[in-house]
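Please read the following report with the sequence and the model side by side.

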Amino acid sequence: KTFCLLHSKEINHEINSSTNKRLIKSTNKANFIIANSNFTKDLAVRVGIDKSKIHIIFPGIPKPKKIDALSLDEAKKIFADSFPKIITVSRLEKRKGHDKILMLIKNLKVKYPKIKYISIGFGEEEKKLQALSKELFIENEVLFLKNINENFKLALIAESDLFLMPSRKEKKSVEGFGIAFMEAASYGTPSIGGSYGGASDAISHNKTGLICNGDELSSIHDAVNNILDDKKFKIFGDSAKKFSESFYWNKIVKKYLNLIN
């Protein structure tokens, strides 16, 4: 039995283009086509992939591990007495919405003078984003990190109040699912994600986080204010942790096994 895994960006080609035709020819050879989200399945059907072969199986995550005390202490030291503590872990590319987040931090600074935002990741937008944070005079509120170890990354996620990645569509590039949302959820951190793409499968709207329009700063602003009011993020964080358990690899693997048995 053969499987073909779909993740959105690589199938988002113009219908009847040579790439699209090669894609359909290749996927037709598979016994099972696995889409990583409802969004990806819908996209696959739109570009002409055989609907009868498509199954939705979400990506898996490892069970959260105990974070060492040293990493936790380091994370607490960086965040200190800041509030809200906001984090993004992703490649620094346009569709992830870092530019909108920086503008948001500027706006929220008036209401939350102790706000702190940490961005973890590499990418082609790095210099532009650093320059933007200088232009907005938010260098003290924003920290760009890369080359950090896994334990420290997880400690920063666990110490955050909110994971924010308001993804949007950029040309053919789209967010197929958003595994980073689930990783944050497994450490009890709720998320806000963009409405275009597969984030709505990784975030249960108004339960484990919120879905907003990643193209509109006002929508992102409203979502963040909503989740921070009445400390809703704590309730969402508890729900997110429980929700993430259904994405553990031991449960996801069983779904693949059920297909071939």
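## Cavity, pocket, patch and backbone

A search of the whole structure finds one cavity of 30 Å³ or more, where a cavity is a set of points, on a 1 Å grid over the protein atoms alone, at which a 1.4 Å probe fits but cannot get out. The model is a predicted one, in which local features need pLDDT of at least 70 and side-chain atom pairs count only at pLDDT 80 or more, while totals for chains, interfaces and linings use all residues. Residues are numbered from 1 along each chain as its sequence is written, and side-chain values use heavy atoms, with hydrogens and water left out.

The largest cavity holds about 40 Å³ of space, a volume being the space filled by probe spheres set on the grid points, which are joined across faces, edges and corners. Its lining consists of Phe181, Ala185, Thr189, Ser191, Ala202, Ile203, Thr208, Ala240 and Phe243 (lining residues have an atom within 4 Å of a point).

The largest pocket contains about 410 Å³ of space, a pocket being an open set of points with protein on both sides within 12 Å along at least five of seven lines. Of the 27 residues that line this pocket, Ile61, Gly178, Ile179, Ala180 and Glu183 lie nearest its centre. Both α6 (150-159) and α7 (179-186) supply at least two lining residues, and α7 gives the most, with four.

The table sets out the two linings by residue class, with Ala, Val, Leu, Ile, Met, Phe, Trp, Tyr, Cys and Pro counted as nonpolar, Asp, Glu, Lys and Arg as charged, and the others, Gly among them, as polar.

| Lining | Nonpolar | Polar | Charged |
|---|---|---|---|
| Largest cavity | six residues | three residues | no residues |

On the surface, Phe3, Leu5, Trp249, Val253, Leu257 and Ile260 form a nonpolar patch with about 510 Å² of accessible area together. Such a patch is made of residues with over 30% relative accessible area and no salt bridge, nonpolar side chains (Val, Leu, Ile, Met, Phe, Trp, Tyr) being joined within 5 Å; a salt bridge is a side-chain nitrogen of Lys or Arg within 4 Å of a carboxyl oxygen of Asp or Glu, and areas come from the Shrake-Rupley method with a 1.4 Å probe. The patch draws at least two residues each from β1 (3-6) and α11 (249-260), and α11 provides the largest share, four residues. Trp249, which is found in α11, counts as partly exposed because its relative accessibility is 42%, given that buried means under 20%, exposed over 50% and partly exposed in between.

Several loop residues complete the picture. Val174, in the loop between β7 (162-165) and α7, is buried at 2% relative accessibility. A cis peptide bond with omega of about -10 degrees joins Phe83 and Pro84, and Pro84 lies in the loop between α3 (69-79) and β4 (85-89). Asn147, although not a glycine, has a positive phi of about 55 degrees; this residue lies in the loop between β6 (142-145) and α6 and is exposed, with a relative accessible area of 65%. Asn206 also has a positive phi, near 70 degrees, and is partly exposed at 48% relative accessibility.

Definitions and conventions. Patches are made of residues with over 30% relative accessible area and no salt bridge: like charges are joined within 9 Å, nonpolar side chains (Val, Leu, Ile, Met, Phe, Trp, Tyr) within 5 Å. Buried means under 20% relative accessible area, exposed over 50%, partly exposed in between (1.4 Å probe, protein chains only).
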